[in-house]
Amino acid sequence: MIRRGLGHAGYMGGKLIGSTEVEFGVPRPRLGAADGESPLQQASAPLDDATLVVRAREGDVTAFEDLVRRYKVPVYRIAVRILNDPCSAADTAQEAFVTAWRRLPEVKAEQAFAAWLYRIAVTRAVSTLRTVRPHIPFDETVARDRRPGPEEHALANGLAAALRCALNRLTPEQRACWILREMEGLSYEEVATILHTTPGAVRGRLHRARLQLAEELTPWR
Amino acid sequence: MAVNVADDRLPCGHDIDQLWDHLAKGAPDEHARSCEYCQAALNEIRPLRTATSELAAEPVRPPADLSSKVMAAVCARIASAPRIALPGTAGNRLFISERAAAFILRAAGDTVDGVRARSCQLTPDPHDLSISTDLKLSISLRFGMPALVAARAVRMAVRAAARAQLGLTLGRIDIDVVDVHAA
């Protein structure tokens, strides 16, 4: 599950980092890179997460910097999608990395670094969301009054913007689930690990989120 | 909504999770294309699918100074690291942090084809540095690389680097192959 998915080089070419990874020139680990190269070239080839984590844990700042460079895009992206605010997302991403550095000795399976890191970031983002804007329990009548009508949706400039508004009305946990599964493309098991819950609970949250979101997008049917 | 919260199944027996996954791949199956229940459900979730794909495709760029801010905070947190004394500096004292020494020795290990150095631990003799220092090094080997050959090359490389860059004579060098990476 996580060992095969997150944190393995095979996965890095997948959705986790995907096009944005290439777009912003973040090095991705190429396991085949060392083949047939001279020793010096090999030394500069991207290393796998496990190697970098062990080195960073022993105080190798350069190795940790490589990890930051490798994961800053997805960590920031997840944070900004959960928080919907670039400033607090930047703070959250920064704090998540610094916390990760401090807690590196706790990483047991070095291969699962990505999931472990995402968990730190998501937990922080969700708790920030709760502090900044305490979630009001979803109440049908109140929510219906607050829900923007089609005109407002139109003003919000399109479908994607309407979804962004609708996502803001999910509970922080539902929103995190939705973002990790539907936008980051992680598996139920990976999402469950990151959110410290079970794949079944993830399915349940996603199901409820989908009902609520689909309903809010009714004007676009 | 036509869909019951408690049960994902449509009257035709199809699962809305499946429909959702099919939409993600862009193509409902044959049944869904001709089934009125599936069509109704697809119409309900299609805008959400489109919007989700649109949002997911939006490029997100982290602030340019994110890495440097993180690294500044990390460096500020590095406590006074354990140091080892280097030999042969008659009268004047020379120390190097274990972190820095490990960095140099790992880099030496990395120069060997098919080897990635991981954990690097020096255990200097507290009484006489001029004699020798033991080293424990864990490595990941490229698949297909003979461990014996690699270990011999790693020992030579780290021994040479220790002598040339640190003035340290390495005694026993224990190598632990902890992982194998793809060719």
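**A buried arginine, and outwards from there**

Arg175(A) is buried, because 25 other C-beta atoms lie within 10 Å of its own. This is a predicted model, so please keep that in mind throughout. Arg175(A) sits in helix H11 of chain A, which covers residues 172-183. Leaving aside neighbours within four places in sequence, Arg175(A) is in contact with Ile82(A), Leu167(A) and Leu170(A). Val126(A) is 49 residues away from Arg175(A) in sequence, and the two C-alpha atoms are 9.0 Å apart in space.

For contrast, take Lys108(A). Is Lys108(A) buried or exposed? Lys108(A) counts as exposed, because it has 7 C-beta neighbours inside 10 Å. Lys108(A) belongs to the loop between helix H6 (86-102) and H7 of chain A.

Now the domains of chain A. The assignment divides chain A into domain 1, residues 1-32 + 46-135, and domain 2, residues 138-221. Where they touch, 18 residues of domain 1 of chain A meet 17 residues of domain 2 of chain A. On the domain 1 side, H5 and helix H7 (113-132) of chain A each supply at least two residues. H7(A) gives the largest share of that side, seven residues. By type, the domain 1 side has eleven nonpolar, three polar and four charged residues.

Next, the cores. The largest nonpolar core has 71 residues, and the ones with the most contacts inside it are Ala79(A), Leu117(A) and Ala121(A). Helix H5 of chain A, residues 61-83, makes the largest contribution to this core, at 13 residues. What does Ala79(A) touch, not counting residues up to four places away in sequence? The list is Ala89(A), Thr92(A), Ala93(A), Ala121(A) and Ala125(A). There is also a second, separate core of 27 residues; Leu135(B), Ala150(B), Val158(B) and Leu166(B) are among them.

That brings us to chain B. Chain B contains six helices and five strands, and in sequence order the pattern reads α-α-α-α-β-β-α-β-β-α-β. Of the 183 residues in chain B, 30% are buried. Taking contacts in chain B between residues at least 6 apart in sequence, 53% join residues at least 24 apart. The domain assignment for chain B gives domain 1 as 16-57 and domain 2 as 80-181. The centres of those two domains of chain B, taken over C-alpha atoms, are separated by 57 Å.

Helix H1 of chain B runs over residues 16-25, and Ile16(B), Leu19(B) and Trp20(B) are buried in it. Seen down the axis of H1(B), the buried residues fall within an arc of 100°, so they line one face of the helix. Asp21(B) and Lys25(B) are exposed, on the face of H1(B) turned away from its buried side. What covers the buried residues of H1(B)? The cover includes helix H13 (199-216) of chain A, along with helix H2 (30-34) and H3 of chain B. After H1(B) comes Gly26(B), with a positive phi near 100°.

On to the contact between the chains. It takes 52 residues from chain B and 53 residues from chain A. On the chain B side, the elements giving two or more residues are helices H3 (36-57), H4 (66-77) and H5 (98-110), and strands E3 (115-124), E4 (133-142) and E5 (170-181). H3(B) provides the largest share of that side, eleven residues. The chain B side divides into 29 nonpolar, nine polar and 14 charged residues.

Last, confidence. Chain A has an average pLDDT of 76, and 68% of the residues score at least 70. Residues 7-43 of chain A stay under 50 in pLDDT, and for that stretch the model has 70 contacts beyond four places in sequence. Residues 135-146 of chain A are also below 50, with five contacts in the model beyond near neighbours in sequence. Where pLDDT is low, the predicted coordinates should not be read in detail.

Definitions and conventions: Residues numbered from 1 in each chain as written. Chains lettered and ligands numbered in written order. Predicted model: local features only at pLDDT ≥ 70, side-chain atom pairs only at ≥ 80, totals over all residues. Helix = DSSP H or I, 4+ residues; strand = E, 2+ residues; numbered from the N terminus. Buried ≥ 20, exposed ≤ 12 C-beta atoms within 10 Å, placed from the backbone. Contact = placed C-beta atoms within 7 Å. Core = buried A, V, L, I, M, F, W, Y, C linked by C-beta atoms within 7 Å. Nonpolar A, V, L, I, M, F, W, Y, C, P; charged D, E, K, R; others polar. Arc of directions from axis to C-beta. Domains from an automatic or database assignment. pLDDT = per-residue confidence, 0-100.
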